[in-house]
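I opened this notebook to keep track of what I looked up, entry by entry.

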Amino acid sequence: MDQGRVNTRNVIRISAIIAGILFITESLFRQRGDGSLLLTLLFWKSLVDGCIAFVAAAELSKGKWILPVKNALLSFYPMLFVLSVFFIFLLFQVDIYPWYSDGGVWFNKNFFGARNFIILLILYVAGRKFAIESRREGNRKNFYAVIFLFFFVVSQSMVAFDWVMPLEYPWYSTLFGGYHFVESLYSGIAVAAILCFIISRKAAGKNIQPVGRTLFDTATMLFGFSLLWAGLFYSQYLVIWYGNLPEEISFLVKRISLPYMRTLSYSILIELFAVPFLILLSRRVKSNPPLVFITALVVLTGIFTERLVYLLPAVSLDPLRLLIQFAGIGTISILIHKNKIINSSS
Amino acid sequence: MSQHFVFDEKNVFLNKLRELLKSGVPQKNISVITPYHVHEVDEILVSAPSKLRIFTFAGALLGGIAGFAFPIYTTLSWKINVGGKPVVSIPAFVIIAFELTILFGALATFFGFLLFSKLPVLKQIIDPVDYDKQFVILVKNGEK
Amino acid sequence: METSKEKISRNQTIERDVLSVSEKTGSWYWLLLFFTVCLTALGFIMWGNQILTGMGLAGKNNPVGWRFYITNFVFWVGIAHSGTLISAVLLLFRARFRSSFNRAAEAMTVFAVMTAGLFPLIHLGRAWKFYWLFPYQNQRLLWVNFKSPLIWDVFAVSTYFTVSVVFFYVGMIPDLAVARKHSLGIKKLFYSILSLGWQGTELQWKHYRWLCIFLAAFATPLVVSVHSVVSWDFAMSLIPGWHTTIFAPYFVSGAIFSGTAMVITLVVPMRKIFSLEKYITEDHFENIAKILIVTSLIVGYAYIVEPLLAIYSGNIFEKSQFYYRFFGEHWFAAGIMLTCNAILPATLFVKKLRRNIKYLFIMSIFVNIGMWLERYVIIVTSLSHDYDPYAWGTWFKPTYTELGITIGSFGLFFTLYLLFIKFLPILSISEIKEVSE
Amino acid sequence: MKRREFFKLLGITGGVAATGSACSEKPSRLIVPYLIPPEEMIPGMPFYYRTTCTECPANCGQIVKVRDKVYNNQRMNFPVKIEGLPGHPVNDGRLCLRGQASLTRLYHPDRLKKPLVRKQGGKHEETVWDEAFARIAAALKESDSSGSRNFYLSGRITGSLSRLIDRFCKNLGIVRLAEFEAYSHSAIRKANKILFNFNDIPLYRIENADFLLTIGTDIIDTFVSPVSYSLRFAKAKEQNHLKWIHLEPHISLTGIRANRRLVINPGSELYLLIYLLHEIVNSEHYKNSLSPEITKLLPSSSAGTIAEKTGLKTDEIEEVVKSLKKAKRPLMITGGISTGNSSGLDAALVCGLIQWATGMIGNTIDFSEAENYSAVGSFLDVEKFSRELGNNAAGVIFLSGISQRLPEIDIKKAKLSIGLADLPEGLIKACDIILPVSHALESWGDAEPRKGIISLIQPVMEPLYGTLSAGDILLKILEQKGNEKRLTYHEYLLQEWDKTGDKKFVKELLEKGFFKGKKSGASVVLNHESVLSSLKAFKLPEVKTESVLIIAPSLRTYDGRSAGLPLSYEVPDPVSTITYSRWIAVSESKAEILGIRDGDEVIVSGDGLDLKLPVKVLRGINERCAMIQIDMLESVIPLYDSRTGEMKTIIEGIKITKTGVRKYIPILSGSTNAEGRGIIPYPEHNKKHDTVKKSLYPEPEHKNYRWAMAIDLTLCTGCSACVAACYIENNIPIVGEKAHLEGREMSWIRIEPFFDSSDRLYFIPMLCQQCSYAPCESVCPVFATYHNPEGLNAQIYNRCVGTRYCANNCPYKVRRFNWFDHKGASPLDLMLNPDISARGRGIMEKCTFCVQRIRLAHDIAKDEGRKISEGDVLPACNQTCPTGAITFGNILDKESSIHKLAHSSRVYRIFEELGTEPAVYYLGPERKENGDK
């Protein structure tokens, strides 16, 4: 797969350009209370974190089957840095948060920015260390895997408790953090499945190590995570439904009162549970690349939809700028992936 | 009058098995006894895959349906307002349904297993035939 | 044929080693059994007395309606969990080291659930009316309330018991056949009946394999659901400290945590006494220790998240509850809980300690204590300090009845386990054979 | 002849069943199916008697609910509940804690059953009446011959019985001593004697006042007739927005209820009073309302010195003065603490002068309906008596109606001492002969709580034991003497009543239960000479600065006379929330100095007393004060003011030292700090929460009725009558001290004291809130509790298996679990109300708005083919509340008062942000009123 090989410098140039574009869109053409960038960040962060974390977890459990897709997944680690750069833009958009008007010790622009940015950077460093070590099968890879996973959990919890939950104060849910990093892993697995599909297409004809087993296991993982996700979702929903505390249900009520919101909310259940569960129930499907691929796409859509549902009642969203952001980050990630930065780095 | 061959060494046993089949002994006349599940045997004596999943699926489905039907029926048979919750509170009944799905599924699978693998075998219980070696090949009406 | 010689000897030594365990039970065994039986008797006498006199014998009062008994219930259900985990989940993950633990773990599951199942009855104010909790239509044509978490418990626990018994039994069938082969007389009959005349034909093995996989596939979500339901006994209420969404995953991992610890507590002496070092190696223990670490981390995560979010929420009830939990009258219990469950297990990151059986054993004891106290802290502190300050109040000294019944439950558990050691193959012979190929 | 007459009267008294229970001689009928049922009696239906409460001197009117039960094979009538008699001039349908509890005196396990006579060796032994009488007669004869004097000492006894005692003493040559009451209010009476030549306590018509200034007078707790005053306070609040300032060194319900509570230095009240007097007479509105020669006898001093003496802030003093000046119909009362010290008489005098000067007399103070205390003596008399005993040996001593604490009298000095009592308490135990007296509910009689008001006492049942009423005993003794023709006290009474001449009297008395004669119309005038002469030697007392001990009267046992009742100590003291144990309350600052907290034991010594009590730290007490309630003393400390003979309520120069021992005392309240939790009115934190009504569940729907309750916290005095009433009505077990220490009290309604941020104390009556989204219901596995169509949170006892989940999940913690079987000691079980089942062990129980009464109302309404209308259902707590703070009704009825109250601007509900939709609405003070305090 040498074709479409770009070198690092180009990647960085292009990234810079995109960053510039985004800077313009975010600073000039943005009106108050617009949360598009937050949405973009939420989605991509869970994706990228998920990829690396998935590999880390596989390494720790000595999963041999991950090998075919391992490098491809690891190749996304520079995105951790890119995302932390984009987070800086968010700092100029904290007006989407209720605490913007009257902050406190914990919630004020500077501290908010500082703590999150630092965690993002740490995560990047940990990710890089792990990626490189694991890439060359170093003997400290397990150590770095643990380190990365630790900060992965911290970072995802921060996303949940610090980025999303304050939009709905005084609503809060202790499970929200765990829910997020499980979803992140879920999306990571989905990406793995997609990569399997791509590789299997490439592998057609050529003699590259077959991904059959990997595909099957990834699909099984996807299946398992659909159940796990359902479990977490249910155990969060049930507690809120049963308690019926006005403060707690306010979150739900907002998201199921309006018809279109209700449709969106229910579609999450279908995309993240019903579809993967029912499709991947049978063994035959699990080893069928196209079907697994489609399922993975549905799952990713679900992840996006859910973030959308988080934000929709709280902030205003600008489809155009969403498009630009996604396009931008998308291109960067593909470039990085194609470039296999890991080769040239170190 | 059947005859049997006993082995302690897996490979010897497998070779003998292949040899028997080559020598034209019909597969239905041969059955083997192993101390644990030996994959090679499946490959040598090809047989239809297990149908156990049918039982599993049926049981689980039944359980799921029962798990919803039962609470809904009972609550409707006497509508009592507790804590202002809806009389038919699906979120609460999901748990019952889930548990029953698993219960029925598991039991159905177990009984399906007994059925398929013809257990319990009465004469094996009354006077069990055990071989002093690990691997055994039984050949019916002793054709060589 | 040198290799074949070894194989022969090995396959038979496996059988001999495992089955000979029941002969190795000397006088110490009978003394131990007698002791545990006495403890059990004590427990039941205490319970009888409590039924005749009143629930007041247990140290509960107006705000604190639940205490030792529910703590024990959650504790024992938790213990049960790792059994299923080790045998089912690891089976699905094709983790080989399970084969040396699963039998012991499954047995532990069954006995722990039996013990746990008693406590909901013990804690009833009118224990003699326990059957009202079962879903049947009584004289007034009234059914049970399916919206009550306690009814969910009834379903969850009974399902869990049934399935784990089936799983335990199924896993044992081939070994019972082996035991049958090696025994005589009445014992032989006993084993042949239990083994259902299992022979090990290719047909039986084919279905058997699938049976195991399916049962495992069912047992895995079951484990999760059961302790989630147990956690919802608390989370469904409005009590600050109880009503929180993280409870389900938090309790599940807590359960596996404590259960794994209990496995270690049981297997280490068993291994020593019956000299099974050959089959239960340090590698196996290391893997188990890793499970300890992971679950302990999750539990620690919950310990951190709960108070932090209480502060975040600015909700006075939550804040004051968590302040009370860690600095109030029960700070001591809370402290031990934190140390045993979150701090000490972190030492297992060190490979040397992880592989040191003695250290692991001591650690497992600590974890058992810590997890028991965790349930105690969650239950008692939350109840004794909730919404209405007038009603605040608690009870410190445990009463004799409570202690007696709690000790009795341990007695019962160990009695059953000792009987298991005596009469059933404590390791999965067929699997060890398979693995050792 | 007498039977016919008797039945005629019963006929008149209407509603009273023909039980023939009047005189104890007649044997009770054996249990037989009613072949010919008495027409008034419907089996299973209760019937009601009108009588009078004798638990304290206030003598409130009572309605007694009676049910027929089987008692050792006899169908007998048993009172199961006491309520206030509507329309009665004293209490108009309301009753206090003690009144409710007095029923447990009737069923008291250790009531005296037979006469006791002391045999050789000092042991008492049961005998028959005749022997007792014989011995008494013999003793009397002997003392006649020996010429030694006989005495008769009693508590405050009014009406015919008092006259009978006089006659008895006259005929038998017995000296009748002045009646003894621990709270004789002699200072006020003496002051009134001096000022107006009127030795009695006037009736304070609070309902007419628009400003009330009470100086140490605990009119809500115990003073003279608390229920009556509570009623009048409520009326005044409603009619003319009464402003009420109360001054006290300690903390009392009265102070807490007043709009303004000023903490004054103990014993310094006189300074303030004199200052007030000068301010008044100098104000042009009241110019020369008092002759200068009086006022100039009283040294005037600046506000500054007053402030410094009294410990009040000058602006507080100014506030008092201003309000008093500008009030149209002011009322000012001294008494209780403020007159219970050496300067008590002067305080009362000056107060009286102000009352006269401001024209309260005849306006808000009514001498024409005095409280009938003229016959009551004081400690001086007791002192004199015991001195006489010391000098020359007495013959026979009678003690009757004084089961309350007495100063030690050495009655051993007498040849024979005879005690008439129902319980073996205090001095009675020392008597040679103890004669068991019937409970008021077992005997005929009358009382005169106020001048011109006669209140009927009639039996509602046959005596449980072979006891006699005091009247019968006296008549018997007279009979023994042979100079009387045989009469029962009942017959004697009828004669007495006939003597009054007007037929209307007897008829009305028996019909209504009381008779209100025409007023004496006596109007009083200030007696200058006596005032001047008494003020001649006037000098201000120097206010000491050392610690003082305040001995307050007890809300639960008055002067300690109700201490023996099973229910008295089951109900917590509302301020300290302590039930059983004795304790001493100290101010927070003092506690800090001594380094003591709740439960630490201290020794209180000085001025001849030496107590060892555990501490309860209380906010709001003067930092120099420690405070106990009188029933925490074994007997009254014989310390009294030599001028008035009034008991000293302030003991100066005490020392408090800590022993280091910790005692466990049953303090029921976990914390009195509301912490902005939304329990007391206008909780701060509710701003933060969004209390917008949200729910994932369907709207709660109720067809015809939705029972709800409104509680006006500005009227609730914390008097705990509701708690006692609830105990009796709902058969709530009395569980005792141990259970209370373990936190296992069973009360269904409780009074929760909470301080707000500015140290104002609120009483929150907490009972089941009957939530629409009740958290307790959905968690019950067996449907033992559910939401019934009328909105009640019903509890089905026989379904309950006792998981206690409901109690755990109740945010209000109002559910009670039966940890054991609570079988009350016989015959307390006879008190059980058959309308509601008694609960066994292992069962959860709770308030259901007295569902049994709602059921009854349903039946009646059904019979009359109508809906239940307002007032048909009165839960026990609602019925007895002396200030009418509780309103109950069907909130769906737009006309009902509950509906109006529930929509008032003052309303809030507890923990509203939990979305449980409670049906109990609390009415806080108006925001501005809340602010200005």
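Before the first entry I noted the rule that a charge sits over a ring if NZ of Lys or CZ of Arg is within 6 Å of the ring centre and within 35 degrees of the ring normal. I also kept in mind that this is a predicted model.

**Charges over rings.** With that rule in hand I looked up D:R760, and found its charged end over the ring of D:Y762, 5.7 Å from the ring centre.

**Aromatic rings.** The one I followed is A:Y242 with C:W152, which I noted as edge-to-face because the ring centres are 5.9 Å apart and the planes stand at 90°. This pair joins two chains, since A:Y242 lies in helix 8 (residues 212-243) of chain A and C:W152 in helix 5 (residues 149-182) of chain C. I checked the cover of both residues as well, and A:Y242 and C:W152 are each buried. I also looked up an aromatic cluster, whose members include A:W99, A:W106, A:F107 and C:Y312.

**Nonpolar surface.** My last entry is on a nonpolar surface patch of about 520 Å², made by A:L278, A:L281, B:F57, B:L61 and B:I65. Helix 3 of chain B (residues 52-77) gives the most to this patch, with three residues. B:L61 lies in that helix 3 of chain B, and I recorded B:L61 as partly exposed because its relative accessibility is 47%.

Conventions
Residues numbered from 1 in each chain as written. Chains lettered and ligands numbered in written order. Predicted model: local features only at pLDDT ≥ 70, side-chain atom pairs only at ≥ 80, totals over all residues. Heavy atoms only, no water. Patch = residues over 30% accessible without salt bridge, like charges linked within 9 Å, V, L, I, M, F, W, Y side chains within 5 Å. Areas by Shrake-Rupley, 256 points an atom, 1.4 Å probe, with all protein chains shown as cover. Salt bridge = Lys/Arg side-chain N within 4 Å of Asp/Glu carboxyl O. Helix = DSSP H or I, 4+ residues; strand = E, 2+ residues; numbered from the N terminus. Buried < 20%, exposed > 50% of the residue type's maximum accessible area, 1.4 Å probe, protein only. Phe/Tyr/Trp six-rings, centres within 6.5 Å; stacked < 30°, edge-to-face > 60°.
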